[in-house]
Every structure is written in C-alpha cells, then in structure tokens.
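Have a look at the structure first, then read on.

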Amino acid sequence: QLQASGGGFVQAGDSLRLSCAASGRTFSIYATGWFRQAPGKEREFVAAISWYDSSIYYTESVKGRFTISRDNTKNTVYLQMNSLKPEDTAIYYCAASPSLLTAPGAYNSWGQGTLVTVSS
C-alpha cells in the first residue's frame, strides 16, 4: 500500500516535496515511480527510483528541477520539486513496480494521489 502526501498550492518558482510511504509487502517492490495527470490529459511518467541500486529515471521536462530520493529505513520515496511551473499542475501519484520502467502499465500498486497546483 502506498500513501502519497505533500501536495499544495504554490506560486511559480516555489518548491514542494512530495512523500510516498509504503507499507505492507514492501519487499516485493523493486522501484517506485511518480506520475502526474493534469486535467484532460493522460497520466505521464515523472520520475522513478530503484530501491536496490542507484538507478533513477526522470522525464525530460523535470530534469534539473525535480529530485527523486528514497529513505529505505522509512520505506519512503520523496520527490523534491523546485522551480515549479504552472505546467507542473496535476495530481501526482506514486506507484510501485517489480522493475524500473517508465510506462504506467508496469506499475501494479498505486497511491491515492496528491494535488499540486502552481499559480502564475
């Protein structure tokens, strides 16, 4: 089970940190990813991190602004979002996968989502 939190309403240029806490059968998770879905758009990949090595993926539009990290002792993955833009506005979801991939279909356990709104 995944629990996402940390969303909010911010101004362009501000920062937010999202958290994704995992509970239950965490040993079966190889990677955790963040996805987002804006109104009227498809869910898109944002970033993913492996729990077992240093592998990390980012979508191009967030490189240099977002940082994904993990705390194995807390079974929690974070998404630090800096220099936020209005186009980052979306519901952000975290998800777990048995492999480190970017396609939403590769993820079999999803959190409930947290809303990020960036005002210009």
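## A buried threonine and a salt-bridge network

Thr32 counts as buried because its relative accessibility is 1%; buried means under 20% relative accessible area, exposed over 50%, and partly exposed in between (1.4 Å probe, protein chains only). This is a predicted model, where local features need pLDDT of at least 70, side-chain atom pairs count only at pLDDT 80 or more, and totals for chains, interfaces and linings use all residues. Residues are numbered from 1 along each chain as its sequence is written, and side-chain values use heavy atoms, with hydrogens and water left out.

Leaving aside residues up to four places away in sequence, Thr32 touches several others, including Cys20, Ile68, Val77 and Tyr107 (contact means heavy atoms within 4.5 Å).

Now for the charges. A salt bridge here is a side-chain nitrogen of Lys or Arg within 4 Å of a carboxyl oxygen of Asp or Glu, and the count comes to four. Which residues are linked in a network of salt bridges? They are Arg36, Glu44, Arg65 and Asp88. Here are the pairs with their N to O distances:

| Pair | Distance |
|---|---|
| Glu44 and Arg36 | 2.6 Å |
| Arg36 and Asp88 | 2.9 Å |
| Arg65 and Asp88 | 2.7 Å |

How exposed are they? Glu44 counts as partly exposed at 35% relative accessibility, while Arg36 is buried at 5%. Arg65, at 10%, is buried, and Asp88 is buried at 0%.
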